[in-house]
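Work through the exercises below with the sequence and the model side by side. Try each task before reading its solution.

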Amino acid sequence: MAIGEGSVSEVLDLLDWKRRVFALYAEVREGADPRAAWERWRAVRAGLFRSHPQSPRPGYDALDYFDYDPAWRFVADVVAVEPESRKIAGSGPEPVGSTRFAIARFEERELELFWLEAYGGGLFLPFRDATSGAATYGGGRYLLDTIKGADLGADGGRLVLDFNFAYNPSCAYDARWACPLSPPANRLPVAVEAGEKKPEVGLEPTTQDLQNPCSTS
């Protein structure tokens with residue numbers, strides 16, 4: 001919901017949602033046991049989806065995840081690259097402005113890191129993998145989106161990437177949400193059997209969405 005649309009109560013609901021999500025990820029970053037932090041993350045998300053009016057699908061009670069697997073937790077090197085403006089297309093009519101500014105490198109794999117231009121900016125890391133469109137949402141999942149609080153932290157200047165915390169964009173639950181999709185460069189050639197699975201509601205991006213998820217500008 002854009003500020004200025006809807007009632008004051010809706011704006012305050014959105015503010016409450018953001019506070020809760022930011023607080024949740026602060027707990028995750030401070031937790032000494034990643035698995036326990038993941039269990040807490042799942043429990044809070046389930047409660048928010050069930051009862052919060054700003055849930056991507058209020059009343060939804062079927063969030064499903066792969067079992068926690070510590071093999072999918074990494075600490076990635078952040079490698080600077082020449083900044084490049086990108087327009088990340090997605091489920092809505094307008095692309096999302098961003099700058100590809102670095103690469104996260106881990107275990108002989110790499111993913112592009114984006115700095116979103118909206119709301120003062122934030123780190124954004126979407127990805128797709130060999131499970132996308134089958135066990136997981138076809139448009140990809142999000143690992144980091146610091147504008148909305150999804151921040152797993154850092155370790156000695158390196159970026160924590162725990163794919164057990166991968167989650168679906170809001171548009172996977174309801175078509176009224178407009179979400180950027182994962183660009184081709186962030187397609188991992190392996191099955192990431194960690195994180196959130198495909199929602200039962202079965203909303204999938206169109207073929208056109210998947211063919212043009214990112215462009216330069």
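The exercises that follow concern a predicted model.

**Exercise 1.** Determine how the span of helix α2 compares with the expected span.

Solution. Step one: α2 covers residues 34-51, which gives 18 residues. Step two: the expected span is 1.5 Å times one less than the number of residues, and for α2 this comes to 26 Å. Step three: from its first C-alpha to its last, α2 reaches 26 Å, close to the expected value.

**Exercise 2.** Find the residue that caps the N-terminal end of α2.

Solution. The cap is D33. A side-chain oxygen of D33 lies 3.0 Å from the backbone nitrogen of R35.

**Exercise 3.** List the buried residues of α2, and name a helix that helps to cover them.

Solution. Step one: the buried residues are A37, W38, W41, V44, R45, G47, L48 and F49. Step two: α1 (8-30) is included in what covers them.

**Exercise 4.** Describe how α1 and α2 are placed relative to each other: parallel or antiparallel?

Solution. Step one: two packed helices are described by the angle between their axes and the distance between the axes. Step two: the axes of α1 and α2 come within 9 Å and cross at roughly 170°. Step three: angles over 145 degrees count as roughly antiparallel, so α1 and α2 are roughly antiparallel to each other. Step four: on the α1 side the contact is made by W17, R20, V21, L24, Y25, E27 and V28, and on the α2 side by A37, R40, W41, V44, R45 and L48. Step five: by class, this contact of α1 with α2 has nine nonpolar, four charged and no polar residues.

**Exercise 5.** Decide whether G97 is buried or exposed, and find what it touches.

Solution. Step one: G97 is in strand β2 (residues 96-106). Step two: buried means under 20% relative accessible area; G97 counts as buried because its relative accessibility is 14%. Step three: leaving out residues up to four places away in sequence, G97 touches R86, K87, L116 and E117. Step four: K87 is ten residues from G97 in sequence, and their C-alpha atoms are 4.8 Å apart.

**Exercise 6.** Locate S132 and describe its surroundings.

Solution. Step one: S132 is in the loop between β4 (122-127) and β5 (141-145). Step two: with 14% relative accessibility, S132 counts as buried. Step three: the side chain of S132 reaches the backbone nitrogen of D129 at 3.0 Å. Step four: not counting residues up to four places away in sequence, S132 touches Y137, G138 and G140.

Notes. Residues numbered from 1 in each chain as written. Predicted model: local features only at pLDDT ≥ 70, side-chain atom pairs only at ≥ 80, totals over all residues. Heavy atoms only, no water. Helix = DSSP H or I, 4+ residues; strand = E, 2+ residues; numbered from the N terminus. Buried < 20%, exposed > 50% of the residue type's maximum accessible area, 1.4 Å probe, protein only. Contact = heavy atoms within 4.5 Å. Polar contact = N/O pair within 3.5 Å; in protein donor to acceptor, adjacent residues only side chain to side chain. Axes fitted to C-alpha atoms, helices over the stretch in contact; angles between N-to-C directions. Parallel < 35°, antiparallel > 145°, perpendicular 65-115°, else oblique. Nonpolar A, V, L, I, M, F, W, Y, C, P; charged D, E, K, R; others polar.
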